[in-house]
Structure formats: C-alpha cells, structure tokens
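Let's take a walk through a protein model together, starting with its aromatic rings and moving on to its nonpolar cores.

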Amino acid sequence: MPHNAIARSLARVEDVQPVRQEDFREAMSLLGAPVVLVTTDGPGGRQGLTVSAISSVSDTPPTVLVCLNRSNRSHQAFLKNGVVGISILSPAHDRLASSFASRSISADEKFSSAPWVTAETGSPLLSDALVTLDCTIEAIHSVGTHDVLFCGVRAITTNSEAEHGLAWFSRGFHHLPVKRP
C-alpha cells in the first residue's frame, strides 16, 4: 500500500470514537486463553504471576510473546533477570493459578505452594505442568500499559500423563481435553 494511502486510512481512524475500557474488557473475557504461570529468578529476584496474554510468534526460531503490565510488582524482576519460565497449566492447578494472580500473596508464599524445578536459564518451572518453556527475553515492545516480551524458547518439557489443559473463558476456568496421537 502506498504511503499516501496509509496516511488517508489513518486520518479516517482518528475520527472513530475510542472504545470504552469496560467494553474492551468484556469483549476480551469472551476470548478463550490458556492459563499460564510466568516466572523468573536471578539478580532481580524470584517472581511469578498468572497470565493469559501469551501466544506463539514463530517456530523459526521458536518464539512466544508474553504481555506484562508495567505496574505489576514483578515486572522489573523479569526485565532485570532477562529470563522467563512458562508453565502451561492443567485443571489440577486452578488454585495455584488463582494464588499467582493475587496481589495480596507474597512471591515466597506463591512458590511454597507447589513443586518447582530450576530451568537451565535459572527460571522456576512447575514440575507437573502440562508444558513448560524455558525462555530468554529477546525483545520488548511497549504498548499502552503493558510490555510485550518476545521470548526465545530454549527448552520444552511436556507432561505425557496430563489429560486436560486449563483455559480461561468468560471469567472462569474450563478444562480442555488433550488429544494424544
């Protein structure tokens, strides 16, 4: 598309009324998402939180993106450590997901309630997660209130025993069956 066509298109967009935050949040509650713990450890300290804003980006090289609110107390630890542990949860972890989503529970309390292994990068990974990804932060892009972390996947483990994954939809947890070959 020629640059002048893009400029005309952008000018039309500026006339559109902004979307209300409440309407956006309601719409996004109807977008199903995985339930994932993202964790880090290193010079910035051990931190973790529950996220649903995660997506694959590329398989060459293996890359995922994770969105973190810059006002979250763990945000700076992720940036300082430069590593991200991603634990994709199963239904057995719904209480753990709620714990890691809480702002009133300390990092030490969150980590004491489940079994962890230390990944090659130093990130904590949930030992019985459906899938774990050991990652390094390769790039960061800021948009609105969040930073989008582009994470290079260094190692993957899969729980061959898990029968269901955990998803978040319509403000609640849902179980999704795992199909095995």
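Is Phe100 buried or exposed? Phe100 is buried, at 1% relative accessible area (buried is under 20%, exposed over 50%, partly exposed in between, with a 1.4 Å probe and protein chains only). Bear in mind that this is a predicted model, in which local features need pLDDT of at least 70, side-chain atom pairs count only at pLDDT 80 or more, and totals for chains, interfaces and linings use all residues. Residues are numbered from 1 along each chain as its sequence is written, and side-chain values use heavy atoms, without hydrogens and water.

Four aromatic pairs are found here (Phe, Tyr and Trp rings, the six-membered one for Trp, with centres within 6.5 Å; planes under 30 degrees apart are stacked, over 60 edge-to-face, the rest tilted). In one of them, Phe100 and Trp116 have ring centres 5.7 Å apart and planes at 45 degrees, so this pair is tilted. Together with Phe111, these two residues form one aromatic cluster. Another pair, Trp168 and Phe173, is edge-to-face, at 5.0 Å between centres and 70 degrees between planes. Trp168 is partly exposed at 31%, and Phe173 is partly exposed at 29%.

Now to the nonpolar cores (buried Ala, Val, Leu, Ile, Met, Phe, Trp, Tyr and Cys residues joined through side-chain atoms within 4.5 Å). The largest has 20 residues, and Val38, Leu68 and Cys135 are among those with the most contacts inside it. Apart from this core lies another of eleven residues, including Val35 and Leu166. In soluble globular proteins, nonpolar side chains tend to be buried together.
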